[in-house]
Amino acid sequence: MGEIPKKIGELLIEKGLITPSQLNEALMEQKMSGGKLGEIIVRRGWASREAVEKCLNMQKGITAFNLSSYIIEPEVIRLIPEFFARKYKIMPVFIVESTLTVAMVDPTNVYVIDEIQRLTKLNVEPVSCDEIEIRKAQDQYYGPTGSLQEIVSSIDKNKLVEADKLGEEAPIIKIVNYLIIQAVQNKASDIHIEPEENVLNVRYRIDGMLHRQPALPKDLASAITSRFKIMAGLDIAEKRLPQDGRIMMKIGSKDIDFRVSTCPTVHGENIVLRILDKSGLVLGLESLGFPPQTLATFKELISSPYGILLVTGPTGSGKTTTLYSALQLLNKEDVNIMTVEDPVEYQFPGMRQVQVNPVAGLTFATALRSFLRQDPDIIMVGEIRDLETAEIAVQAALTGHMVFSTLHTNDSPSAFTRLMNMGVEPFLISSSILGVLAQRLLRKVCDKCKESYEPKPELLKSLGLDSYINKPVTFMKGRGCKVCNQTGYKGRTGIYELLKVTPTIQEAVLKKESADVIRELAIKDGLITLRQAALQKLLGGLTTPEEVMRVTLDVEG
């Protein structure tokens, strides 16, 4: 049986809007003269009409809604004409499957709900929303909803005298929302807003590469910067120093986190937004592109009871995703996992995640020290940057903990020499590290427009594939289509170089051998290098020779 809904009077008392004696008085009046209890309370001035309506909606199980935390997509706006939305004080918000969520001042109006269903041919989920919020959203979203240039041309340039205030004007909000929605729809990882002398450039990072978008007029730069600062809770007046902030938004039914960074340049403030879309995060080691044998060895290493596993590679090579996928596999009720990150990019239930805060004195090293008193089984350190962090990580591994971390090195053998250069003793490195995984991300050929061709002998030779000359071999390339924005690439896959520490490698580390010597020994033990892993993807038709050369240019074959 369902829960019996609370009476309106009980809800008003619970919310602290009226006292029990006021409720008794109102009930007495209702008994004598009739009428609605809520109307009596409003007439007596004990609670506002809005507060009473909110409680009535709660009583009926209708959700109260905060429109300001949503960015509404253009296709959703187009479902309901502006005149209809303004007449009935409603705002479409998002669609999930065949249900349209609509913010309404009066979510109990069955006539309006029926009309929306008739108009849209969708089921309607009404939610309660303040009238001022709905009006504000209508002003922001209705009007020019076409291209970015249409929105820009609708702006009255005479208003640009007070550019900072324009950051809260509807046309500027539309431009910023448009930029964000387009980036999310294109699966961009970053948005770059870059002021030049005469224009404001916009670029999206998609599949690791920056793509230029239509430029904006330079006279809108200050207003657009102000809008991003308002959304991120930054100081609008501070234009001389870098600032960092965060925006939490809903786009459609997705919760998306944006990390915002501003930096003053000679032509104005540069803004970069890192887009963290948890719904688009592909976790699970099987989906990352590991070859079967490498995956089996990696799973064996991460299942060890203690030791250190390092993941190396440049920024944006997918290290965090690999570590999160490993932790997800190990995240069980009988395991205590603790992480310290800078920043915590995605939050997961069942893990204790800590974000570093150097201003408050919370560094990787201080968090790690604290972890050792928190009875962890598995520790993840976002990055080993200094000797202190490295030594505590080694100590944790040698006292029975499994430690995951990252290093910025080009390949797996270089991780050992990097730690030695930091000042970690070779005997500690050799006895604590179980393995090093170096990785990169390769762009994949677009499935919609890919076509095969026979490579020329010169190309095979330049790739080190001499043994394939005069053999039947085909490569793939993308012609370019709407799906891949004419690039010929869509999505990325990982390439991996997994160095498992064997007694031979341990001995080489103890002797302080160079990365080159360690590499030669590892190859004798069966190491598949990053270049070899990339060539396997090329021969499998997943990527192109150009992409192999671009991504593995800095590593040995």
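1. Let's start with the aromatic rings: this predicted model holds 8 aromatic pairs.

2. Tyr70 and Phe94 form a stacked pair, with 5.6 Å from centre to centre and 10° between the planes. Tyr70 belongs to strand β1 (residues 70-71) and Phe94 to strand β2 (residues 90-96), so this pair ties together parts that lie 24 residues apart in sequence.

3. Phe290 counts as buried because its relative accessibility is 9%, under the 20% cut-off. Phe298 has 0% relative accessibility, so Phe298 is buried as well.

4. For the cluster, select Phe84, Tyr88 and Tyr111, which are linked by ring pairs.

5. Which lysine sits over the ring of Tyr468? The charged end of Lys471 does, 5.8 Å from the ring centre. Likewise, the charged end of Lys477 is placed over the ring of Tyr453, at 5.3 Å from its centre.

6. Now to a helix pair. Helix α8 (residues 131-141) and helix α11 (residues 170-185) have axes that come within 8 Å and cross at roughly 70°. Because angles of 65 to 115 degrees count as roughly perpendicular, α8 is described as roughly perpendicular to α11. From α8, the residues in the contact are Asp139, Gln140 and Tyr141; from α11, they are Ala170, Ile173, Lys174 and Asn177. By type, the residues of this contact divide into 3 nonpolar, 2 polar and 2 charged.

7. Finally, have a look at Pro314, found in the loop between β11 (307-312) and α14 (319-330). With a relative accessibility of 33%, Pro314 counts as partly exposed. What does Pro314 touch, leaving aside residues up to four places away in sequence? Its contacts are Lys319, His408, Gln439 and Arg440. Take Arg440: Pro314 and Arg440 are 126 residues apart in sequence, yet their C-alpha atoms are 7.8 Å apart in space.

Conventions
Residues are numbered from 1 along each chain as its sequence is written. This is a predicted model: local features need pLDDT of at least 70, side-chain atom pairs count only at pLDDT 80 or more; totals for chains, interfaces and linings use all residues. Side-chain values use heavy atoms; hydrogens and water are left out. Axes are lines fitted to C-alpha atoms, for helices over the stretch in contact, and angles run from 0 to 180 degrees between N-to-C directions. Helices (H or I, at least four residues) and strands (E, at least two) are DSSP runs, numbered from the N terminus. Angles under 35 degrees count as roughly parallel, over 145 as roughly antiparallel, 65 to 115 as roughly perpendicular and the rest as oblique. Contact means heavy atoms within 4.5 Å. Ala, Val, Leu, Ile, Met, Phe, Trp, Tyr, Cys and Pro count as nonpolar, Asp, Glu, Lys and Arg as charged, and the others, Gly among them, as polar. Rings of Phe, Tyr and Trp (its six-membered ring) pair if their centres lie within 6.5 Å; planes under 30 degrees apart count as stacked, over 60 as edge-to-face and the rest as tilted. Buried means under 20% relative accessible area, exposed over 50%, partly exposed in between (1.4 Å probe, protein chains only). A charge sits over a ring if NZ of Lys or CZ of Arg is within 6 Å of the ring centre and within 35 degrees of the ring normal.
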